[in-house]
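Let's take a walk through this model together. Keep the viewer open as you read, and follow each part as it comes up.

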Amino acid sequence: MPRIAYVDGAYVPLREAAVSIEDRGLQFADSVYEVAVALNGRLFDWAGHLARLRRSLAELSIAEPMGPSALDLVARKLLAKNRAREAILYLQVTRGAARRDHGFPPNARPTLVMTVRPFDMSIRARQQATGIKVVTQPEQRWARRDIKTTSLLPNVLAKQAARQAGAFEAWMVEDGTITEGASTNAWIVESDGTLVTHPADHNILAGVMRGTLIRLACADGFKVEERAFSLQQASAAAEAFITSTTAPCLGVVSVNGRPVGKGAVGPVTLRLGRLLWGEIERQTGYRPATIG
Ligand code: PDD
């Protein structure tokens, strides 16, 4: 796969792609981003990512670098230039480059960068069987986690702590409740089969995969409750799982080394996973060889 990036109007080899060292993305993390997957060469839930990007920009008063249809065109052109079939599309918009000064620069033009890298989604399909381990970390992020900004240092530290503990994800705990993972949304399944996930308020990022799963699960007859749950409730849950664009629905088999439910991926998680893989196939035509 050739590695071509998009930087402010130009398609350039990744190694040559660069922005100003005075870019506010670098200086202040004054920028927002999106991560989408392309499967079979087609972007999954792309409209949801574009809508969230526009919302993030509006919340921070960063100008849109171009309209949604132009953005869509650039993304598709970049995927084509990279000859990407299974890939992650990364998109970042910063407030632009300007002399360093905390207040908004008067005439900054937003910087838009996009990159594409190969991503084997079949790994996630196989992980459906084994599930993942989670550890908890104190919530250290700011109060507007609904905006997908690149100020991800607390997320980075939490993820690293998880890796060092041999876990896949860190669940952030605030006042006794679990908000979400370092880069995924958190869910539990109660003993009556009710699905519970944190409300999409300012305390979490409203995951696109989260939204898709809520829609699919409700249509499939599941009861979904958007409410905060505690670490104790997670430990006592029948099942738990995570969702994100790059990890559609992975069962959580343990939290802090203590098994959740039977300590294996449960039947509800597997069913929800099948619903999501079905939706992925419907939108993109992609179907992994094995699921679970
Ligand atoms: N992370 N919560 C957080 C804090 C996230 O960073 C993400 C996504 C999610 C799930 O959102 P979605 O379903 O839209 O992927 C929840 C991306 C994948 C990342 O930062 O790489």
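## About the model

This is a predicted model, in which local features need pLDDT of at least 70, side-chain atom pairs count only at pLDDT 80 or more, and totals for chains, interfaces and linings use all residues. Residues are numbered from 1 along each chain as its sequence is written, and side-chain values use heavy atoms, with hydrogens and water left out.

## The ligand and its shell

Start with the ligand, which sits in the largest pocket. Here a pocket is an open set of points, on a 1 Å grid over the protein atoms alone, where a 1.4 Å probe fits, with protein on both sides within 12 Å along at least five of seven lines. To sit in it, a molecule must have more than half of its atoms within 2 Å of the grid points.

Around the ligand there are 19 residues, and Tyr33, Arg52, Glu180, Val208 and Thr245 come nearest; a residue counts as near if one of its heavy atoms lies within 4 Å. By class, this shell holds 6 nonpolar, 9 polar and 4 charged residues. In that scheme Ala, Val, Leu, Ile, Met, Phe, Trp, Tyr, Cys and Pro are nonpolar, Asp, Glu, Lys and Arg are charged, and the others, Gly among them, are polar. Strand 3 (31–39), helix 2 (46–59), strand 9 (177–181) and helix 6 (208–219) each give the shell at least two residues. Helices (H or I, at least four residues) and strands (E, at least two) are DSSP runs, numbered from the N terminus.

Which side chains reach oxygen atoms of the ligand? The side chain of Tyr33 has an N or O atom 2.7 Å from a ligand oxygen, and for the side chain of Arg52 the distance is 2.8 Å. Thr245 places a polar side-chain atom 2.6 Å from an oxygen of the ligand. Taken alone, the ligand exposes 470 Å², and the protein buries 89% of that (areas by the Shrake-Rupley method with a 1.4 Å probe).

Now turn to the open sheet, where 6 strands pair in the antiparallel sense in the order 2-1-6-5-3-4. Its edge strands are strand 2 and strand 4 (42–43), each pairing on one side only. Two strands pair if DSSP finds at least two bridges between them.

Strand 1 (residues 4–7) joins strand 2 (residues 10–13) by 4 bridges, with Ala5 partnered by Val12. The two form a hairpin with 2 residues between them, and Asp8 in the turn has a positive phi of about 45 degrees. Strand 1 also pairs with strand 6 (residues 111–118) over 2 bridges: Tyr6 stands opposite Met114, and Val7 stands opposite Val113. Strand 6 is joined to strand 5 (residues 87–94) by 8 bridges, where Leu89 faces Val116.

## Parallel pairs

Strand 7 (residues 132–138) runs parallel to strand 15 (residues 247–255), with 3 bridges between them; Ile132 stands opposite Val252 there. Strand 7 also pairs in the parallel sense with strand 8 (residues 169–174) over 5 bridges, and Val135 stands opposite Ala170.

How values were computed
Polar contact = N/O pair within 3.5 Å; in protein donor to acceptor, adjacent residues only side chain to side chain. 1 Å grid on protein atoms, 1.4 Å probe; cavity = no way out; pocket = protein on both sides within 12 Å on 5 of 7 lines; lining within 4 Å.
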